[in-house]
Amino acid sequence: MSLRARFMEDLKAAMKAGQSAQVATLRMVNAKLKDVDIAARARSAEVSEDEIVSMLRGMIKSRTESATMYHQGGRPELAEKEEAEIATIRAYLPAELDAATLEAAAREAIAELGAGSMKDMGKVMAALKTRFGAALDAGQASGLVKSLLSA
């Protein structure tokens, strides 16, 4: 089942179950997805599953930053709301690679490409994105590749 279909099915189920927090989060996800769809019309392309996953990762990142700021500002109730939204959104992401698998893949890509410096980081990241697609957390991967190339 596509992510779009899952969003709609889960939204209907949450509405029937009276889960107002989940309904609000799923409506927010659908609104963001419509924005992405509208932006994609300009380039006359359909939004792929990978782009939807990227959108979800961006939503999680912004909510994580907000939760951190709420904790620092002494507003734990707002931080809890953001964290609940993160948990709901994270349920739609594919399983992330474990650290050992990611490191092995990064070392393999570096060896295949003959990468030896930070100038080659883009090539290595492109190879990892091609290999793993939506399952790759680019932030985690870039930190790992950076540390391997600078060692």
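**Figure 1. The aromatic pair of the predicted model.** A search of the whole structure, which is a predicted model, turns up one aromatic pair. Its members are phenylalanine 7 and tyrosine 92, arranged edge-to-face. The ring centres are 4.9 Å apart, and the planes make an angle of 65 degrees. The planes count as edge-to-face because their angle is over 60 degrees. Phenylalanine 7 belongs to helix 1 (residues 3-17), while tyrosine 92 sits in the loop between helix 4 and helix 5 (99-113), so the pair ties together parts that lie 85 residues apart in sequence. Phenylalanine 7 and tyrosine 92 are both buried.

**Figure 2. Asparagine 30 and its contacts.** Asparagine 30 is a residue of helix 2. Is asparagine 30 buried or exposed? Its relative accessibility is 14%, so asparagine 30 counts as buried, the limit being under 20%. With neighbours within four places in sequence left aside, asparagine 30 is in contact with Phe7, Met8 and Leu11. Phe7 is also a member of the edge-to-face pair with tyrosine 92.

**Figure 3. The crossing of helix 2 and helix 4.** Helix 2 covers residues 20-41 and helix 4 covers residues 76-90. Their axes come within 10 Å of each other and cross at roughly 65 degrees. The crossing in which helix 2 passes helix 4 is right-handed. Which residues of helix 2 meet helix 4? On the side of helix 2 they are Gln22, Thr25, Met28 and Val29, and they meet Glu85, Thr88 and Ile89 of helix 4. Sorted by class, this contact holds three nonpolar, three polar and one charged residues.

**Figure 4. Alanine 5 in helix 1.** Alanine 5 is placed in helix 1. With a relative accessible area of 29%, alanine 5 is partly exposed, a class that lies between the limits of 20% and 50%. How far apart in space are alanine 5 and alanine 79? From C-alpha to C-alpha the separation is 29 Å, and in sequence alanine 5 and alanine 79 are 74 residues apart.

**Figure 5. Aspartate 120 in the loop between helix 5 and helix 6.** Apart from neighbours within four places in sequence, aspartate 120 has contacts with Gly114, Ala115 and Leu149.

Figure 6. The domain assignment divides the chain into domain 1 (3-91) and domain 2 (99-150). The C-alpha centres of these two domains are 28 Å apart. Taken along the principal axes, the C-alpha atoms fill a box of roughly 55 × 45 × 30 Å. Of the 151 residues in the chain, 33% are buried. Among contacts between residues at least 6 apart in sequence, 58% join residues at least 24 apart.

Methods: Residues are numbered from 1 along each chain as its sequence is written. This is a predicted model: local features need pLDDT of at least 70, side-chain atom pairs count only at pLDDT 80 or more; totals for chains, interfaces and linings use all residues. Side-chain values use heavy atoms; hydrogens and water are left out. Axes are lines fitted to C-alpha atoms, for helices over the stretch in contact, and angles run from 0 to 180 degrees between N-to-C directions. Helices (H or I, at least four residues) and strands (E, at least two) are DSSP runs, numbered from the N terminus. A crossing is left-handed if the near helix is turned anticlockwise from the far one by less than a right angle, and right-handed if clockwise. Contact means heavy atoms within 4.5 Å. Ala, Val, Leu, Ile, Met, Phe, Trp, Tyr, Cys and Pro count as nonpolar, Asp, Glu, Lys and Arg as charged, and the others, Gly among them, as polar. Domain bounds come from an automatic or database domain assignment. Rings of Phe, Tyr and Trp (its six-membered ring) pair if their centres lie within 6.5 Å; planes under 30 degrees apart count as stacked, over 60 as edge-to-face and the rest as tilted. Buried means under 20% relative accessible area, exposed over 50%, partly exposed in between (1.4 Å probe, protein chains only).
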